[in-house]
Structure formats: structure tokens, C-alpha cells
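Good morning, and thank you for coming.

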Amino acid sequence: MKILMTAALLASSAFVATAADAALLGRQVNGTIQFGANPTNYYDPANGFVPGGFGNSGGQPVTIAAGTEFGFQDGANMDTADFSDTQLTIRDVVFSNAANWKQTFTLVGSPGFASISLVNDAFVPGLTYSLNNGVIEINWAGTNAANDFTAVFNVTAGNAVPEPASWALMISGFGLAGAALRRRVRTSVSFA
């Protein structure tokens, strides 16, 4: 009986974990990079600052896969954002005194990003970041650098629809628990 109940609990916990912490590969994402009060999204190739070879060079949304998803380049810097299955790497080559620079990333479809946490940050004094309503925002305000700096974040996406294997595991666990409860031998107590 205890074994069957444990199986049911494991099945339901696997279901919850899969639904909440989905991987990123194959998902589509939109990105922006903006400088100061200028509302222009320089990750939009229509603005002329996206070099070839980046996912956003063909427009947005970008499918997360092998290769760097977002790139921007002008005469002074190159800024990139590269997603893997579980991480986001922000990179900047040659800049100084960022003032109100901001990047945002939004997954296409619901429910968006589920979590973000910092792994390492070489920017000085460091990037700040937030996750609001499934949208990642990374702020560069006050950072100061003069070479090649990166910051790496662990990220996960929410998953509104569990995978079929999760459903099967959960249903079989509940079925086993129900069968165990049904077969339980009932003892009757009689009083004299």
C-alpha cells in the first residue's frame, strides 16, 4: 500500500515539475535593446544595426536554437543575447558608461518565462534584472566596461501544457493508488 501511494506521489510531483520548468529550445522569443530615452529597438533589423549571422537578422520572433539569437552592432559596440536550453548569456564588446540601456525578452505565447537567476556577471558594477509577467528585463544603467564582458543567467520557461509522458505517469500513479485503496481488506470489529 505504501509503495503504491509513493508511486502516486512521485507521478504527481513529476507532472508538476515538468509543467513548471520547461526548456527553451524550439520556443520563439522577441527581444529589444534600447539606449537611454530613445525608444528605438536596435534588435529590429529594419533599423540597420543587426549584422548577418544572428537569429534576429531575419526579423522577429526568433526561434531558440544553436547560434546567437540577438545581435546589435555599431561603430562603438557589439551587444548580443544568446539563449541555450537553460541559459541566457549577455555579451558586450567595447563600451563605456552605459546610461539607461535596457534589454527585454518575451516568449511568444503563454505563459512566458518562469524564472531567471544570475550565474555570473563580469559587468561593473553589475547588471540588474527582473522578471515581470513572464517578461525578462535586463538593465545596464551605470555599468562601466572597456573590453569584452559577459553575464550568464539561468532561465526557464513556463509550460501551460504538460508533455504526454507526464500525463501518462500521473494517471498511472493515481490509478495504482485507487486500485490499492479498492483492494484494501476491511476488517470488522464486533462488540459483545
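I begin with contacts, meaning heavy atoms within 4.5 Å. Of the contacts in the chain with a separation of 6 or more, 64% are between residues 24 or more positions apart.

A word on the source: this is a predicted model, in which local features need pLDDT of at least 70 and side-chain atom pairs count only at pLDDT 80 or more, while totals for chains, interfaces and linings use all residues. Residues are numbered from 1 along each chain as its sequence is written, and side-chain values use heavy atoms, with hydrogens and water left out.

The chain has two helices and 10 strands, taken as DSSP runs numbered from the N terminus, with helices being H or I of at least four residues and strands E of at least two. From the N terminus, the order is α-β-β-β-β-β-β-β-β-β-β-α. Of the 192 residues, 35% are buried; buried means under 20% relative accessible area, exposed over 50%, and partly exposed in between, with a 1.4 Å probe and protein chains only.

Let me turn to the sheet. Five strands form an open sheet in the order β3-β4-β5-β10-β7, with antiparallel pairing; two strands pair if DSSP finds at least two bridges between them. The edge strands, each pairing on one side only, are β3 (70–73) and β7 (113–121). Strands β7 and β10 are joined in the antiparallel sense by seven bridges, and N120 stands opposite V152 in β10.

What of the charged residues? The count of salt bridges comes to one, where a salt bridge is a side-chain nitrogen of Lys or Arg within 4 Å of a carboxyl oxygen of Asp or Glu. The partners are D148 and R91, at 2.5 Å from N to O. Because D148 lies in strand β10 (residues 148–157) and R91 in strand β5 (residues 87–93), the pair ties together parts that are 57 residues apart in sequence. D148 is partly exposed at 40% relative accessibility, and R91 is partly exposed at 36%.

Finally, consider D92, which also lies in strand β5. D92 is buried yet has no salt bridge, and R91, the nearest side chain of opposite charge, is 8.5 Å away; here Lys and Arg count as positive and Asp and Glu as negative, with His and the chain ends not counted. Leaving aside neighbours within four places in sequence, the contacts of D92 include W101, F123, W140 and D148.
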